[in-house]
There are 2 protein chains.
Amino acid sequence: MKALLLVAHGSRRAEANAEVHRLVGAVRRRATGRFALVKVAFLEFTEPTLAEGLEACVAQGAAEVVVVPYLLSAGSHAARDIPRAVAARQKAHPEVTIRIAPHVGLAAGMADLVLAQADPQPES
Amino acid sequence: MKALLLVAHGSRRAEANAEVHRLVGAVRRRATGRFALVKVAFLEFTEPTLAEGLEACVAQGAAEVVVVPYLLSAGSHAARDIPRAVAARQKAHPEVTIRIAPHVGLAAGMADLVLAQADPQPES
């Protein structure tokens, strides 16, 4: 069973975290047939932590977890914190495959998303 | 003439800022017929600033500038800093229409982008 774990920065502002939870709900609705489990974790300010999120995926039966850093740039979180937390949980659960996807700022579709945000096409 | 000004957070890490410049290049290549000018500005750590970016758009002849916050969440930059900087430049250039788009974290396409990042489809 495959899980997607979205890792967001986390914020002191409840509204910012609520936006992430809404996004995860949208991802979950679109994930049918691809990821049986879609969960969220945060790096700072709120919970669950990345370690907790990974444990939750394993506890719910994931054989494979894809960690998607919901980050726009290659800062220290992407370069160091996420790999470290993943390596620790990977060691604890060698039977589970944990993979870290490139952060979303590197997504091939980002340029089109920016353009659509600037200039929304009328819905037809 | 319409301009798109992508406003990124900015980083102490040169590689993170370089990623943003590459993204702006990709947006520019796709903007043909929609935005004659595509530029970048940063909120912290590097330049040009948002005020400088807006001035550059005006100096190059933009009659309309769409500011796209390249931010994932509704933090103080999106809520306060960007609107303040835009309001100041709008006052200085009443003949130019400056509009702030919702930050990219709110983009309708974000859930699909996250899924694609987690589970890339083979290119066909």
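This is a predicted model: local features need pLDDT of at least 70, side-chain atom pairs count only at pLDDT 80 or more; totals for chains, interfaces and linings use all residues.
The buried positions are A:Met110, A:Ala111, A:Leu113, A:Val114, A:Leu115, A:Gln117 and A:Ala118.

The relation between the two chains is that of a rotation of 180 degrees with 0.0 Å of shift along its axis, which superposes chain A on chain B with an RMSD of 0.0 Å; the copies are thus related as by a two-fold rotation axis. Within chain A, the residue that comes closest to this axis is A:Leu72, whose C-alpha lies at 3.7 Å. Because 98% of the interface residues of chain A are also interface residues in chain B, the copies meet through the same surface.

The largest nonpolar core comprises 52 residues, and those with the most contacts inside it are A:Leu4, A:Tyr70 and A:Val114 together with B:Leu4, B:Tyr70 and B:Val114. When neighbours within four places in sequence are left aside, A:Leu4 is in contact with residues of its own chain, among them A:Val27, A:Phe35, A:Val66 and A:Val68, and also with B:Val114, B:Leu115 and B:Ala118 of the other chain.

In chain A, 4 strands form an open sheet with parallel pairing, in the order S2-S1-S3-S4. Strands S2 (37-42) and S4 (97-100) are the edge strands of this sheet, each pairing on one side only, and the twist from one strand to the next averages 20 degrees. Strand S1 (residues 2-8) runs parallel to S2(A) and is joined to that strand by 6 bridges, with A:Ala3 standing opposite A:Leu37. Helix H3 (residues 76-92) of chain A packs on the sheet, where it touches S1, S3 and S4 of that chain, and its direction makes about 175 degrees with that of S4(A).

A further link between the chains involves B:His103 and A:Glu19, whose side chains make a polar contact at 2.9 Å. B:His103 is placed in the loop between S4 and H4 of chain B, and with a relative accessible area of 8% this histidine is buried. Beyond its neighbours within four places in sequence, B:His103 is in contact with A:Glu19 and A:Gln117 from chain A, and with B:Pro69, B:Leu71, B:Leu72, B:Ser73, B:Ala74 and B:Ala78 from chain B.

Conventions. Residues are numbered from 1 along each chain as its sequence is written. Chains are lettered from A and ligands numbered from 1 in the order in which they are written. Side-chain values use heavy atoms; hydrogens and water are left out. A nonpolar core is a set of buried Ala, Val, Leu, Ile, Met, Phe, Trp, Tyr and Cys residues joined through side-chain atoms within 4.5 Å. Buried means under 20% relative accessible area, exposed over 50%, partly exposed in between (1.4 Å probe, protein chains only). Contact means heavy atoms within 4.5 Å. Helices (H or I, at least four residues) and strands (E, at least two) are DSSP runs, numbered from the N terminus. Copies are superposed by least squares on the C-alpha atoms of residues with pLDDT of at least 70 in both. Two strands pair if DSSP finds at least two bridges between them. Axes are lines fitted to C-alpha atoms, for helices over the stretch in contact, and angles run from 0 to 180 degrees between N-to-C directions. A polar contact is a pair of N or O atoms within 3.5 Å; within protein, one must be able to donate a hydrogen and the other to accept it, and residues adjacent in sequence count only if both atoms are side-chain atoms.
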